[in-house]
Amino acid sequence: MANHKSAKKRARQTERRTAVNNSRRSRVRGSIKHVEEAITAGDKKGAQAALRAAQPEIQRGADKRVVDKNAAARRVSRLSARIKAMA
């Protein structure tokens, strides 16, 4: 456990940042899930709208280093490819 004043402050900061990062990660996952659900339902317009809403969320996660930037790009690319492939 932290004994020094600076170490206690570090522990507090880590706690706050962890909560923020978990929230951001959850938002990214949730937005991806909405797109996946629309794709599964076969709703192309709904999937496109969900992807338009999810894209900035995923990019924000990458900018804040919650998700790796290449992973974010890959997810957006694969989701858009799946939507495009819908009949």
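Ala49 lies in helix H2, within a model that is predicted. At 37% relative accessibility, Ala49 counts as partly exposed, because values between 20% and 50% fall in that class. Between the C-alpha atoms of Ala49 and Arg75 there are 16 Å in space, against 26 residues in sequence. Arg75 belongs to the part of helix H3 that meets helix H1.

Helix H1 comprises residues 5-41. With 37 residues at 1.5 Å a residue, H1 should span 54 Å, and the distance of 54 Å between its end C-alpha atoms agrees with this. Just after H1, Gly42 adopts a positive phi of about 85 degrees.

The pairing of H1 with H2 may be taken next. Their axes come within 8 Å and cross at roughly 160 degrees. Angles over 145 degrees count as roughly antiparallel, and H1 and H2 are therefore roughly antiparallel to each other. The crossing of these two helices is left-handed. On the H1 side, the contact is made by Arg27, Val28, Ser31, Ile32, His34, Val35, Ala38 and Ile39. On the H2 side, the residues are Gly46, Ala47, Ala50, Leu51, Ala54, Glu57, Ile58 and Gly61. By class, the contact of H1 with H2 divides into 10 nonpolar, 4 polar and 2 charged residues.

Gly30 is placed in H1 and, at 25% relative accessibility, counts as partly exposed. The C-alpha atom of Gly30 is separated by 8.6 Å from that of Ala54, although the two residues are 24 residues apart along the chain. Ala54 is one of the H2 residues in the contact with H1. Val28 is one of the H1 residues in the contact with H2.

H2 also packs against H3. Their axes are 10 Å apart, and the packing angle is about 175 degrees. That makes H2 roughly antiparallel to H3. H2 contributes Lys44, Ala47, Gln48, Leu51, Gln55, Ile58 and Ala62 to the contact, and H3 contributes Lys69, Ala72, Val76, Leu79, Ser80, Ile83 and Lys84. The contact of H2 with H3 has 8 nonpolar, 3 polar and 3 charged residues. Ala47, Leu51 and Ile58 take part in this contact and also in the contact of H2 with H1.

In the loop between H2 and H3 lies Arg65. Arg65 is exposed, with a relative accessible area of 57%. Its phi is positive, at about 65 degrees, although Arg65 is not a glycine. Most residues other than glycine have a negative phi.

The remaining pairing is that of H1 with H3. H1 passes H3 in a left-handed crossing. Ile32, Val35, Glu36 and Ile39 in H1 meet Arg75, Leu79, Arg82 and Ile83 in H3. This contact has 5 nonpolar, no polar and 3 charged residues.

What lies buried in H1, and what covers it? The buried residues of H1 are Gln13, Val28, Ser31, Ile32, Val35, Ala38 and Ile39, and what covers them includes H2 and H3. Ile32, Val35 and Ile39 are among these buried residues; they take part in the contact with H2 and in the contact with H3.

Methods
Residues are numbered from 1 along each chain as its sequence is written. This is a predicted model: local features need pLDDT of at least 70, side-chain atom pairs count only at pLDDT 80 or more; totals for chains, interfaces and linings use all residues. Side-chain values use heavy atoms; hydrogens and water are left out. Axes are lines fitted to C-alpha atoms, for helices over the stretch in contact, and angles run from 0 to 180 degrees between N-to-C directions. Helices (H or I, at least four residues) and strands (E, at least two) are DSSP runs, numbered from the N terminus. A crossing is left-handed if the near helix is turned anticlockwise from the far one by less than a right angle, and right-handed if clockwise. Contact means heavy atoms within 4.5 Å. Ala, Val, Leu, Ile, Met, Phe, Trp, Tyr, Cys and Pro count as nonpolar, Asp, Glu, Lys and Arg as charged, and the others, Gly among them, as polar. The expected span of a helix is 1.5 Å times one less than its number of residues. Buried means under 20% relative accessible area, exposed over 50%, partly exposed in between (1.4 Å probe, protein chains only). Angles under 35 degrees count as roughly parallel, over 145 as roughly antiparallel, 65 to 115 as roughly perpendicular and the rest as oblique.
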